[in-house]
Amino acid sequence: MQLRVERGELTRTLERLGARVTQPCQGNFVLATGLDASWTRAAAASLGVGLRAFPDEPHLSDALRISLPGDEAAFGRLSAALEAALAPRAVLF
């Protein structure tokens, strides 16, 4: 049940942030497309969140596989990392 709730919340968050989510998904992950996968993956990694990109697959170059943690605290970190990566309030160099 927790994964179903997380999947819905994550899908809504990603779509609000400009990504597309492949549907229907019944697994423990979401496949998001239409974003800068390399940037998003690196930004999330800098915040301690791992996402899977597919740099060697041309048809998935803009895709990320985002696993659902099934844990409220971990899901909160995942959501915060995606917000920071896809809608940053500031970029510091």
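Reader: How many salt bridges does the structure hold?

Author: This is a predicted model, in which local features need pLDDT of at least 70 and side-chain atom pairs count only at pLDDT 80 or more, while totals for chains, interfaces and linings use all residues. Residues are numbered from 1 along each chain as its sequence is written, and side-chain values use heavy atoms, leaving out hydrogens and water. A salt bridge here is a side-chain nitrogen of Lys or Arg within 4 Å of a carboxyl oxygen of Asp or Glu. The number of salt bridges in the structure is two.

Reader: Is arginine 16 buried or exposed?

Author: Buried means under 20% relative accessible area, exposed over 50%, and partly exposed in between, with a 1.4 Å probe and protein chains only. Glutamate 83 has 27%, so that residue is partly exposed. Arginine 16 reaches 55% relative accessibility, so this residue counts as exposed.

Reader: And which residue forms a salt bridge with arginine 20?

Author: Arginine 20 lies in strand 1 (residues 20-21), and its partner sits in the loop between strand 3 (52-53) and strand 4 (64-67). The closest N and O atoms of the pair are 3.9 Å apart.

Reader: At what angle do helix 1 and helix 3 pack?

Author: Axes are lines fitted to C-alpha atoms, for helices over the stretch in contact, and angles run from 0 to 180 degrees between N-to-C directions. The axes of helix 1 (residues 2-16) and helix 3 (residues 72-86) are 11 Å apart. Angles under 35 degrees count as roughly parallel, over 145 as roughly antiparallel, 65 to 115 as roughly perpendicular and the rest as oblique, and these two helices are roughly parallel. Their packing angle is about 10°.

Reader: What is the relative accessible area of threonine 40?

Author: Threonine 40 is found in helix 2 (residues 37-46). Beyond its neighbours within four places in sequence, threonine 40 is in contact (heavy atoms within 4.5 Å) with residues including Leu35, Leu51 and Leu82. Threonine 40 is buried, and its relative accessible area is 1%.

Note on methods: Helices (H or I, at least four residues) and strands (E, at least two) are DSSP runs, numbered from the N terminus.
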